[in-house]
Amino acid sequence: MRFVQTNSTLPCSVTLNSMQCATFTVSGYFTQSGSCFYNVASVTSPANTTWKDSVCVTVINPCTTTDTTFADSTYSGNLTLSNLSVFIAGTYYVNGTLTLNNCMVYVGVGGQIVVQSNGNLILNNTIVQSCDTMWRGISVLAKGKIYLTNNSELNDANIGIEAHDGSSVNIDNGSQILNCVTGLYIPPKSAGLNNVIVSISNTTFAMTSAVFKPDYMGQSLHGKLPKVGIEIYSVAGFILGGNISSINTFNKLNTGMVAHNSTVTIKNTKFTNIVTDSVYTEAY
């Protein structure tokens, strides 16, 4: 069992008056489930007297308790789900309009969502994340569409969204792509330009966990930080950002954005805590 602390603002020491109390919160996640794990907290006085207390924590794998399961290699058709938890067991194909409202979606080890031609995936105030190991991400094929809105999140993927020639990507209204090795990726074409319709505003690309979740088998080598927020090839007229009230944020990444053979306009977007991770060897 491993407990990962995600709150890095706890003080190293605090001086309290006699009979004074203080409360500290530590947040994190468990990487495996079990019936009873002991969390131990200790306090040491200036006289080197140590007090300890512990609590038995039962950890339940959320993927075993969801409301519904999308089995491996199945298709969505036209489907709307609201206020449910969902487990995606493997590769799930969106071939109609799939709308998820206020849902919690967990993806199994190395799982993937594929938005097929004329498929439409709408995430409205919905979180998609792995169970305990990373997943591949969402691949949007030609004539496929994906829309993230109203504080939706994509977490823990190797590539959050891979948008192919002829696809459409719309992300807005407080949505986030978090703890993914690559946030948005438009791959190179054998010839010509990619025709991908992209609209991104009021969106965050960031690393918020202390570490990535464990890799799935065959996953490419990566560092401790996300490789890049957005990487695109051969796109003419890519526009990132909208009006002044819809600021995009790229935070705690190896690289914010990379554009190959493309023209890009960036508006109302901020890049913070961009730090080189030596695992990545690209020229940029």
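What follows concerns aromatic pairs and their surroundings.

Modeller: This is a predicted model, in which local features need pLDDT of at least 70 and side-chain atom pairs count only at pLDDT 80 or more, while totals for chains, interfaces and linings use all residues. Residues are numbered from 1 along each chain as its sequence is written, and side-chain values use heavy atoms, with hydrogens and water left out.

Colleague: How many aromatic pairs does a search of the whole structure find?
Modeller: The search finds five. Rings of Phe, Tyr and Trp (its six-membered ring) pair if their centres lie within 6.5 Å; planes under 30 degrees apart count as stacked, over 60 as edge-to-face and the rest as tilted.

Colleague: What pair does Phe70 form?
Modeller: Phe70 is stacked with Tyr92, at 4.2 Å centre to centre and 15° between the planes.

Colleague: Where in the chain are Phe70 and Tyr92?
Modeller: Phe70 is in strand S5 (residues 68-70) and Tyr92 in strand S9 (residues 91-94), 22 residues apart. Strands (E, at least two residues) are DSSP runs, numbered from the N terminus.

Colleague: Turning to Phe250 and Phe271, what is their geometry?
Modeller: They are a stacked pair, with 4.7 Å centre to centre and 20° between the planes. Phe250 lies in strand S26 (residues 248-251) and Phe271 in strand S29 (residues 269-272), so the pair ties together parts 21 residues apart in sequence.

Colleague: Is Phe271 buried or partly exposed?
Modeller: Phe271 is partly exposed at 37% relative accessibility, whereas Phe250 is buried at 0%. Buried means under 20% relative accessible area, exposed over 50%, and partly exposed in between (1.4 Å probe, protein chains only).

Colleague: Which residues form one aromatic cluster?
Modeller: Phe205, Phe250 and Phe271 do.

Methods. Helix = DSSP H or I, 4+ residues; strand = E, 2+ residues; numbered from the N terminus.
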